[in-house]
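Reader: Could you walk me through this one, bit by bit? I'd like to start with the charged contacts and then move on to the strands.

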Amino acid sequence: MSIFVVHEHHARQLHFDFRLEMDGVLKSWAVPKGPSLSPADKRLAIMVEDHQLDYGSFEGTIPEGDYGAGSVAIWDRGTYELLNGAIAAGKMELQLNGNKLRGAFVMTRMKGKDKEWLLIKKKDAYADPLFRLETVLKAR
Ligand code: MN
């Protein structure tokens with residue numbers, strides 16, 4: 001069992017950083033529209049640089065002038081299991097056990113792309129076709 005974190009990041013553009021503990025770091029993807037519990041939503045997830053594990057508990061403000069300046073809050077966190085696949089294979093099936101995100105998800109790298117993935121909820125008891133993402137922070 002490993003941890004996952006979703007940061008709500010009010011940078012120049014609001015996005016959600018989806019982070020998975022893997023190989024001693026937080027593998028990270030920026031998800032512009034945020035994760036969804038609706039299997040109909042295919043959320044673009046752009047792979048960004050790894051972060052250190054302890055960044056998973058970070059909340060606060062990244063100062064003006066620094067990369068990603070703006071406020072950061074934990075939107076969700078919990079544990080996950082990699083059911084199958086791997087980053088190198090461009091496809092992973094994950095079982096998330098968070099407060100908001102629960103159940104099975106698939107991540108697939110888009111054909112011909114290096115950093116662009118899709119994050120999609122699988123149909124299961126936690127799927128919610130009416131899911132609407134609510135943010136925890138007010139825009140700065
Ligand atoms: Mn970010």
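**Charged pairs and paired strands**

Author: A salt bridge here is a side-chain nitrogen of Lys or Arg within 4 Å of a carboxyl oxygen of Asp or Glu. Before we go on, this is a predicted model, where local features need pLDDT of at least 70, side-chain atom pairs count only at pLDDT 80 or more, and totals for chains, interfaces and linings use all residues. Residues are numbered from 1 along each chain as its sequence is written, and side-chain values use heavy atoms, with hydrogens and water left out.

Reader: Is Lys121 buried or exposed?

Author: The classes go by relative accessible area: buried is under 20%, exposed is over 50%, and partly exposed is in between (1.4 Å probe, protein chains only). Lys121 has a relative accessible area of 2%, so Lys121 is buried.

Reader: And why does Lys123 count as exposed?

Author: Lys123 lies in the segment after β9 (116-121); strands (E, at least two residues) and helices (H or I, at least four) are DSSP runs, numbered from the N terminus. Lys123 counts as exposed because its relative accessibility is 77%.

Reader: Which residue forms a salt bridge with Asp41?

Author: The structure holds five salt bridges, and one of them links Asp17 and Arg19 at 3.5 Å, N to O, with both of those residues buried. For Asp41, itself partly exposed at 21%, the closest N and O atoms are 3.7 Å apart, and the partner is Arg43.

Reader: On to the strands: how many bridges join β6 to β7?

Author: Two strands pair if DSSP finds at least two bridges between them. Strands β6 (residues 70-86) and β7 (residues 91-98) run antiparallel, with Leu82 opposite Leu94 in β7. They form a hairpin with four residues between them, and Gly90 in the turn has a positive phi of about 75°. The number of bridges joining β6 to β7 is eight.
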